[in-house]
Amino acid sequence: TMLSAAPTDIDLDLKAFEERVNSHLVGKFVNIASRCAGFIEKQFDGRLAATLAPELRAHYERARERLEQCWQQQRHYQNDDFAQITREIMSEADHINGLIAQWQPWKLAKDPTQHEHLHAVCTLAINYFRLLAIYLKPIIPATVARVEAFLNETFTRFDQANELLLGKSIQPFQALITRIDPKQIETMIESSKDSLEQKPSPSPQPLSHQGRGAKAASRGSSTSPLVGEVDAHSAAGEGATLPHPRSTAANPATISIDDFAKLDLRIGIVLQCGFVDGSDKLLRFELDAGDLGKRQIFSGIRASYGEPEKLVGRKVVFIANLAPRKMRFGVSEGMILSAGGDGGLFLLDVDNGAAAGMSVK
């Protein structure tokens, strides 16, 4: 539900995950079969109706045509636009659940004169469920495998949805997926904490010449990943020694000169800087990057710079070869370096002789 055609980062939102499973998969998708399969089993010996009236077929055909765009018309599957696919599928799930609520098969079951109509309504609902399962198979194959066992059928092509499942026997309905209890997520998080703890690296020992730490202000976050501590002597591999006896900091992991060379660090001159509507962490920078042109970068340093307009004209260091990141505010085209930690993040100073677009080595 969060993946689009664009190669953007996503945040792991376990609350959203819980809601997608409980509300969408259980409450909407599986709910279609669970509401109607029991009537097929108990009143019609587990066999679907052999025919459907034209008006009922028309309901199905309209839904089938709408979903065809997922692979034929708009080609959402070919374009990897899974977010749009899931929206289309859940829209159809809402539609059929509305029809079931309108037809009320539980009331039809109490009226012997509505026996045939009950059979038709429940058969249509099972075919709707089958239609959604065909389109969901590439996304939730394990769940749909249980659907296939329930329907005595294997889905191998999207165009299987062109033919209705009629006059066939289905298996007694069993729970296909269960709701997620929030306590299960809490337990999972607690049991994962040990594996998430950082273990100090036993080797190699840090090199003797250590520069001052530089951190990159995360695009979209108020905390920043460590870029690395490098200077010309340590990169050249001069003698490694033990940390300074008064140092209490953990030993940083070492990198090779080849690792450092992968970063294209450049000088940028701030042309514009301002707050970002809808974010209390980000500032939006427009940089003059010399021969690289202009760059827009979002940086999570708002807490340290309450008057961003005063940064206009300042020289900064940024990573020029970081893959662009599409955010809801716009595209961020790099990462500006800053120093600091929990007490705030502060831009690095650049000497006056450095010009826009110059490489940092």
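Modeller: A helix here is a DSSP run of H or I with at least four residues, and helices are numbered from the N terminus. The model is predicted. Directly after H6, Asn-152 has a positive phi of about 60 degrees. H6 itself covers residues 141-151, and its buried residues are Thr-143, Val-144, Val-147, Glu-148, Phe-150 and Leu-151. Viewed down the axis of H6, these buried residues lie within an arc of 160 degrees, so they line one face of the helix. In general, an α-helix has 3.6 residues a turn, so residues three or four places apart point the same way. The cover over the buried residues of H6 includes helix H1 (14-43) and helix H5 (115-136).

Next, the pair H2 and H3. Helix H2 (residues 54-67) packs with helix H3 (residues 82-103) at an angle of about 165 degrees, and their axes are 10 Å apart. That angle is over 145 degrees, which makes H2 roughly antiparallel to H3. The crossing of H2 past H3 is right-handed. On the H2 side, Leu-56, His-59, Ala-63, Arg-66 and Leu-67 take part, and they meet Glu-88, Ile-89, Glu-92, His-95, Leu-99 and Trp-103 of H3. Sorted by class, this contact has 6 nonpolar, 2 polar and 3 charged residues.

The loop between H2 and H3 contains Glu-68. Glu-68 has a relative accessible area of 13% and is buried, because the cut-off for buried is under 20%. Leaving out residues up to four places away in sequence, Glu-68 touches Gln-73, Tyr-135 and Asn-162.

Definitions and conventions:
Residues numbered from 1 in each chain as written. Predicted model: local features only at pLDDT ≥ 70, side-chain atom pairs only at ≥ 80, totals over all residues. Heavy atoms only, no water. Buried < 20%, exposed > 50% of the residue type's maximum accessible area, 1.4 Å probe, protein only. Helix = DSSP H or I, 4+ residues; strand = E, 2+ residues; numbered from the N terminus. Arc of directions from axis to C-beta. Contact = heavy atoms within 4.5 Å. Axes fitted to C-alpha atoms, helices over the stretch in contact; angles between N-to-C directions. Parallel < 35°, antiparallel > 145°, perpendicular 65-115°, else oblique. Left-handed = near helix turned anticlockwise from the far one by under 90°. Nonpolar A, V, L, I, M, F, W, Y, C, P; charged D, E, K, R; others polar.
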